[in-house]
Amino acid sequence: MDNCIFCKIIAGEIPSTKIYEDDDVLAFLDITQTTKGHTLVVPKKHYHNILAMTPGESAILFSKVPALANKIVQNLNATGMNILQNNEEIAGQSVFHTHIHLIPRYTEDDGFI
Ligand code: 5GP
Ligand code: ZN
């Protein structure tokens with residue numbers, strides 16, 4: 001989709017630090033590293049948010065999360081992880097291409113995200 005920043009990242013038109021990629025999804029570091037390793041998982045196809053996806057489409061996206069979350073936690077030696085997903089401005093969505101936040105948590109972080 002034109003003027004979608006995440007579609008441009010998927011197309012390689014805007015640089016990103018890629019963490020994982022397959023036919024369905026791309027995972028890359030959030031430009032705002034809320035904590036070290038803060039990652040976004042996005043479907044390669046453009047959807048406005050989860051509310052615009054069928055159960056099957058969102059199931060494919062969410063099915064990628066557990067393995068990726070574990071890999072990030074293990075590789076970064078994190079203590080835990082917040083997994084967040086915002087839909088519409090009222091809920092904090094600022095980029096209107098579906099994405100799931102993976103935010104590693106560390107014993108030394110300040111408890112706020
Ligand atoms: P939302 O607020 O929509 O749930 O999350 C959007 C996220 O996208 C924010 O955490 C923001 O830092 C991230 N973001 C916005 N623009 C870019 C960008 O150009 N590159 C990357 N890697 N992340 C971005
Ligand atoms: Zn898009």
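This is a predicted model: local features need pLDDT of at least 70, side-chain atom pairs count only at pLDDT 80 or more; totals for chains, interfaces and linings use all residues.
Trainee: Which residues are in the largest nonpolar core?
Mentor: That core has 18 residues, and V25, L26, A27, L40, V41, V42 and L102 have the most contacts inside it. A nonpolar core is a set of buried Ala, Val, Leu, Ile, Met, Phe, Trp, Tyr and Cys residues joined through C-beta atoms within 7 Å; buried means that 20 or more other C-beta atoms, placed from the backbone, lie within 10 Å of the residue's own.

Trainee: Which element gives the largest share of this core?
Mentor: Strand β2 does, with 4 residues. Strands are DSSP runs of E with at least two residues, numbered from the N terminus.

Trainee: And how do β3 and β5 pair?
Mentor: They pair in the antiparallel sense over 3 bridges, where pairing requires that DSSP finds at least two bridges between two strands. The bridge partner of V41 in β5 is I100.

Trainee: What about β4 and β5?
Mentor: Strand β4, residues 80–84, pairs with β5 in the antiparallel sense over 5 bridges, and M81 stands opposite P104 in β5.

Trainee: Changing topic, how many residues surround ligand 1?
Mentor: There are 13, and the closest are I31, T32, N86, S94 and V95; a residue is near a molecule if its C-beta atom, placed from the backbone, lies within 6 Å of it.

How values were computed. Residues are numbered from 1 along each chain as its sequence is written. Chains are lettered from A and ligands numbered from 1 in the order in which they are written. A residue is buried if 20 or more other C-beta atoms lie within 10 Å of its own, exposed if 12 or fewer, and partly exposed in between; C-beta atoms are placed from the backbone.
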